[in-house]
Amino acid sequence: MSQITTHAEYLDPILAHYKLNQHNLLQMLREAQEHFGYIHPEAIDYLEQQLQLPRSMVEGVASFYSLLYLQPHGEYRVLFSDNITDRMLGNMDLMESMCGQLWVEAGKVSEDGLVSINTTSCTGMCDQGPAVLINNIAINHLTQDRINSLCELIRERVPLSGWPLEFFAIEDNIHKKDILLDSNFKFGSALAEVLQRSSEEILQEIKTSKLRGRGGAGFSTGSKWEFCRTAPGAQHYVVCNADEGEPGTFKDRVLLNSYADMVFEGMTICAHVIGAKKGFIYLRGEYRYLLDHLHAILQRRRQQSLLGNNILGYTDFNFDIEIHLGAGAYICGEESALIESLEGKRGTPRNRPPFPVTSGYLNQPTVVNNVETFAAASLIGLHGGAWYANIGTETSSGTKILSVSGDCAHPGLYEYPFGVTVAQVLADCGAKNTQAVQISGPSGICIAANEFERRIAFDDLPTAGAFMVFDQSRDMFEVARNFVHFFKHESCGFCTPCRVGTSLLSNMMNKLANGHGSPYDFAEIEKLNELLLSTSHCGLGHSACNPVLDTIAKFRPAYDKRLTHKEYIPAFDLDYALSQARQMTGRDDTGAHLERIHVSK
Amino acid sequence: MSQNSNTPHNKNQTTFTLDGKTIPFSEGQTIIQAAMAAGEYIPHLCFNPEFKPHGSCKICTVTANGRQTASCTQQPQVDMMVESDTKQINDERRALLQMLFVEGNHFCPSCEKSGDCQLQATAYELDMMSPHFDHFSPNRPLDASHGEYLLDFNRCILCSLCARASSDVDGKNVFSLAGRGIKTHLIVNSKSGKLADTDFTGDDKAAHVCPVGVIIKKRVGFAVPIGKRSFDEHPISATPHPIVKGAI
Ligand SMILES: Cc1cc2nc3c(=O)[nH]c(=O)nc-3n(C[C@H](O)[C@H](O)[C@H](O)COP(=O)(O)O)c2cc1C
Ligand code: SF4
Ligand code: SF4
Ligand code: FES
């Protein structure tokens, strides 16, 4: 009982802030965790009792998100970003060094409960990796020196607030600006323009602009807003998708850091068009460091009458924005999973139809758009749809911001009118001897040198923004293997084909890596791809095999050199199976190994 | 072949075709619901006619106007052409079944549910001869804490029927899905994580909906001898509402 009252001390303010509303469960869990570094079982007792929710539901939600812990996870929780770009910058050696210095095994908590070290999916810092999250706060540009300092600080139990500020520096790295990044946008300017006109007229401007969504699928923004506007519902909602989980993508991070007014203003314009009173930003948990900054801007906008009641003096135009943080789940970038997560649940994609425009947040009509889409809407509000439609190409109006990373001299953001060739981008970012570019992340497409004249546009190379460059020294098999591992880790587990299929695929890639592959496995991968394409519940499952199929088709030698067998070999490797026993007994002598028949590494 | 193709139906009745047979449907029905009402079988596991469709196992996948979709969640359109019993789709269903077999631990010969199990029966129906994939052999301890019921998580296919029954019918929330991805698993509603510490009873609907052998009544083991069980007598495609029948 006394325990409960102590938990009440820190939980009561959280519960009060979130108005005991179960739709804020994820937010409450995330804040509750900040107290002990994990969600204490007695904290769950208290939440269960106060929120009148079944414990199994609270645990079901908490266990879905990889940044939430139900068991102690150390005072310092270190997560190395494990995108392929981090790997190329040597993150694995740094992690090993840190594990060695702090006497902890990767994936475990140190015996004294001081620290845990593990990997996590891309944290959106590919232009300044290797990157790490410590207690959910980002630290970039890791070097051996920096790792040594971090180990020292952790060993001496210095709280993060006392760490050198330069460790937390995050750069924008903008290398090429066009209409959006160079707009010198004045907050309120687009809204002042827009509110002089009717919502019909503004919708027409958006349609005229031919703006298409920047989150990947490229759906017409005008049509989306129109569907939502005409859909019946007591409330309409605007949601900004800032989950940005696709490995290699980091432009939304920069937009929110330095162009947040444009994003908020675009959301407000959308609210004007669809008749919404409330908006949400769903910000990925890895971008926790942006939270205070964004709250401050929202607060300023309220004071400037750009948010709140009677915006800019227009009676009856009331709109405000709330920020919800994710907690480590790529699938929550999928719009219906995002909405589930906004409602405080496990981030499982919904059955569609109905689509969010008719039945989204709390089953009300909801627009979900990417951060960049809203920023572009502000520009359109300011300069008009015709002006915007003139930029770019016939099918793809406007500009696209690319997040360039990997083997190039100047990783960072590059904004181009649609239609730019891959070769141009490579030249601008200082890439040499380029072997391949992964466009739009693991779920996108991998292109080889003979395709570098292709263009960034919805009808050629559509992209959510990731542009990862690989030079001739890179092993494209390992690139694909890293991506497959990502999908396995991020599959939500709802549907059979993706839940099991991503594990099967990951096992097959490991089998090839261990030298046990045969051409038979290629046929198996093809079959798996067809199954996932035709039966998966959402886009994650549909694209999970892409990296492997692309690289088999285009970089076959990277696979061939691993094929030591012409005949099928079962994946089960007895010697490997004994490795656990070897580890437990601390043996690694020849007697503890079976005779190695196959090359293994 | 089917008696349904000649079943007279009134002219205003909306219909679609399932493998060439005309199936009537009404507003709000999904493809599988309409098909079942017409006496047609589409393989399924997470769907149970008594509950709101879930759409997770994907065994009920069909081609509707050329697009593949889960028939338990997809609503038909007038004159939609639905294909179910084709080689390609049955091959895919078999692969999905194989996936369900290898991700858990299914030792049918020693399973109390053998013969009443929908996973096993569907595998027979679709001529699944081997698991094809390598077994994952997960480590999933049993929960024998409850006086009357045993939980053998090794066989769970994560269909969530128990969770839906417990919340929607029993008003209890005894079961929930937890974890993510391949680590998704079933948990029960108690701090200890044990069934004995929940308010679960044998009278719960949730005690009788598991399509496989996870939620097992103790001490009645093999009361109906193997050979005399639901799917021993008829294949699953000819057994109406197998879950309900199997449980009673
Ligand atoms: C697995 C998956 C992950 C996604 N992640 C994101 C994301 O991080 N950000 C985003 O804007 N859209 C993401 N999307 C696309 C969204 O579902 C949705 O189409 C988009 O937010 C719509 O906004 P737009 O029209 O402005 O592009 C994802 C889709 C899938 C299937
Ligand atoms: S395809 Fe994958 S991520 Fe999408 S619902 Fe199925 S399991 Fe979840
Ligand atoms: S226990 Fe049975 S009913 Fe419940 S999810 Fe598992 S397989 Fe489905
Ligand atoms: S029965 Fe339709 S998805 Fe399971």
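In chain A, strand β12 (residues 434–439) and strand β13 (residues 445–448) pair in the antiparallel sense over four bridges. The model is predicted, and local features need pLDDT of at least 70, side-chain atom pairs count only at pLDDT 80 or more, while totals for chains, interfaces and linings use all residues. Residues are numbered from 1 along each chain as its sequence is written, chains are lettered from A and ligands numbered from 1 in the order in which they are written, and side-chain values use heavy atoms, with hydrogens and water left out.

Within this pair of strands, A:I439 stands opposite A:I445 in β13(A). β12(A) and β13(A) form a hairpin with five residues between the strands, and A:S440 there takes a positive phi near 70°. Most residues other than glycine have a negative phi, and most peptide bonds are trans. A:E244, which is not a glycine, has a positive phi of about 25°; A:E244 is found in the loop between β6 (237–242) and α11 (251–258) of chain A. A cis peptide bond joins A:G129 and A:P130, with omega about -5°, and A:P130 is found in the loop between β2 (115–120) and β3 (132–134) of chain A. The peptide bond from A:P353 to A:P354 is also cis, with omega near 0°. A:P354 lies in the loop between α14 (335–342) and β9 (366–370) of chain A.

Next come the domains, whose bounds come from an automatic or database domain assignment. For chain A the assignment gives domain 1 (3–64), domain 2 (76–171), domain 3 (175–389) and domain 4 (399–474). The centres of domain 1 and domain 2 of chain A, taken over C-alpha atoms, are separated by 28 Å. For chain B the assignment gives domain 1 (15–85) and domain 2 (90–221), and the C-alpha centres of these two domains lie 24 Å apart.

How do the two domains of chain B meet? In chain B, 22 residues of domain 1 are in contact with 22 residues of domain 2, contact meaning heavy atoms within 4.5 Å. The area buried between them is about 1,600 Å², and carbon and sulfur atoms give 55% of this; buried area is the accessible area (1.4 Å probe) that two parts lose on being put together, summed over both. B:L45, B:F51 and B:I59 supply 41% of the area that domain 1 of chain B buries against domain 2 of chain B, more than any other three residues. One salt bridge is found across this interface, a salt bridge being a side-chain nitrogen of Lys or Arg within 4 Å of a carboxyl oxygen of Asp or Glu. B:E50 forms a salt bridge with B:K205, with the closest N and O atoms 2.9 Å apart.

Nine residue pairs (both at pLDDT 80 or more) are in polar contact between the two domains of chain B. A polar contact is a pair of N or O atoms within 3.5 Å; within protein, one must be able to donate a hydrogen and the other to accept it, and residues adjacent in sequence count only if both atoms are side-chain atoms.

Strand β1 (residues 14–18) and strand β2 (residues 21–25) of chain B pair in the antiparallel sense over five bridges, and B:T15 has B:P24 in β2(B) as its bridge partner. These strands form a hairpin with two residues between them, where B:D19 in the turn has a positive phi of about 50°. β1(B) also runs parallel to strand β5 (residues 81–83) of chain B, joined by two bridges, and B:L18 stands opposite B:V82 in β5(B).

Finally, the two chains meet each other. The contact takes 43 residues from chain A and 34 residues from chain B, and the buried area is about 3,000 Å², of which carbon and sulfur atoms give 56%. Three salt bridges cross the interface of chain A and chain B; the side chains of A:D45 and B:K191 meet in a salt bridge (2.6 Å, N to O).

How values were computed. Pairing = 2+ DSSP bridges.
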